[in-house]
Amino acid sequence: MTLAKKVKKRAIKPGPVVLSINVCDTIIRDERTKKVSLVGLFNAIHASTFPTVHPSMCVYIALTNGHGKCKLDVRFNRASDNQIIAGMEGEIEFINPLQVVELNIELHGLRFEKAGEHHVEIFCDGYPIGCRKFLVNQKQHMIPPTKGTEG
């Protein structure tokens, strides 16, 4: 067998393409129309103290251009040290590359040890295919003005 045939034989199928990664409070899917509504989209979580537990969040992911089955990993990590704080994996299948596969992930009690940038990362068969940043911020406490300095 020639080298060209060996390389062709070992060719890796193209991975899916990420159309969107959205972080929100609620995902609603209308059963009749199959349309999706994302409620309360956000880019940041605000906490008074750390560590903090966020009661509930949803992540909507849409993928296309997939070829057959692939192992999908979704990871939530802290950017400063790449510490994984949550994750899930499973298998998805594309019937054809034009198909759009949608994932609705609901997380309860996600714990954040400290403020900073965090990521939702998507891997297909071990290769990164998408990333969405969001912030976890410390709320700034407002000190009321003293009498006579209200301005």
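Which residues are linked with Lys71 in a network of salt bridges? Select Lys71, Asp73, Arg75 and Glu89, for these four are linked in that network. A salt bridge here is a side-chain nitrogen of Lys or Arg within 4 Å of a carboxyl oxygen of Asp or Glu.

**Before the tour**

This is a predicted model, in which local features need pLDDT of at least 70, side-chain atom pairs count only at pLDDT 80 or more, and totals for chains, interfaces and linings use all residues. Residues are numbered from 1 along each chain as its sequence is written, and side-chain values use heavy atoms, with hydrogens and water left out. The pLDDT is the predictor's confidence in each residue, from 0 to 100. For the protein chain it averages 89, and 85% of the residues score at least 70. Select residues 1–10 to see a stretch where the pLDDT is below 50; beyond near neighbours in sequence, this stretch has 2 contacts in the model. Contact means heavy atoms within 4.5 Å.

**Stop 1: strands 6 and 7**

Select strand 6 (68–78) and strand 7 (83–94). Strands are DSSP runs of E with at least two residues, numbered from the N terminus. The two strands pair in the antiparallel sense over 11 bridges; strands pair if DSSP finds at least two bridges between them. Within this pairing, Asp73 has Glu89 in strand 7 as its bridge partner. Asp73 also forms a salt bridge with Lys71, at 3.8 Å from N to O. Colour the residues by accessibility: buried means under 20% relative accessible area, exposed over 50%, and partly exposed in between (1.4 Å probe, protein chains only). Asp73 counts as buried because its relative accessibility is 6%, whereas Lys71, at 38%, is partly exposed.

**Stop 2: the hairpin and Arg78**

Now move to the hairpin of strand 6 and strand 7, which has 4 residues between the strands. Asn82 takes a positive phi near 60° there. Next, select Arg78, which lies in strand 6. Is Arg78 buried or exposed? With 10% relative accessibility, Arg78 counts as buried. The side chains of Arg78 and Asp81 meet in a salt bridge of 2.8 Å, N to O, and Asp81 is partly exposed at 41%. Leaving aside neighbours within four places in sequence, Arg78 is in contact with Gln83, Glu113, Lys114, Glu117 and His118.

**Stop 3**

How many salt bridges does the structure hold? There are 7. One of them joins Glu102 and Arg29, whose closest N and O atoms are 3.0 Å apart. This pair links distant parts of the chain, with Glu102 in strand 8 (residues 101–112) and Arg29 in strand 2 (residues 26–29), 73 residues apart. Glu102 is partly exposed at 33%, and Arg29 is partly exposed at 26%.

**Stop 4: the nonpolar cores**

A nonpolar core is a set of buried Ala, Val, Leu, Ile, Met, Phe, Trp, Tyr and Cys residues joined through side-chain atoms within 4.5 Å. Select Met57, Val59, Ile61, Ile92 and Val120, which touch the most other members of the largest core, a set of 26 residues. Strand 8 gives the largest share of this core, 6 residues. Apart from it lies another core, of 5 residues, including Ile27, Cys58, Tyr60 and Ala62. Finally, centre the view on Ile92. Not counting residues up to four places away in sequence, Ile92 touches Leu63, Gly68, Lys69, Cys70, Leu72, Val101 and Leu103.
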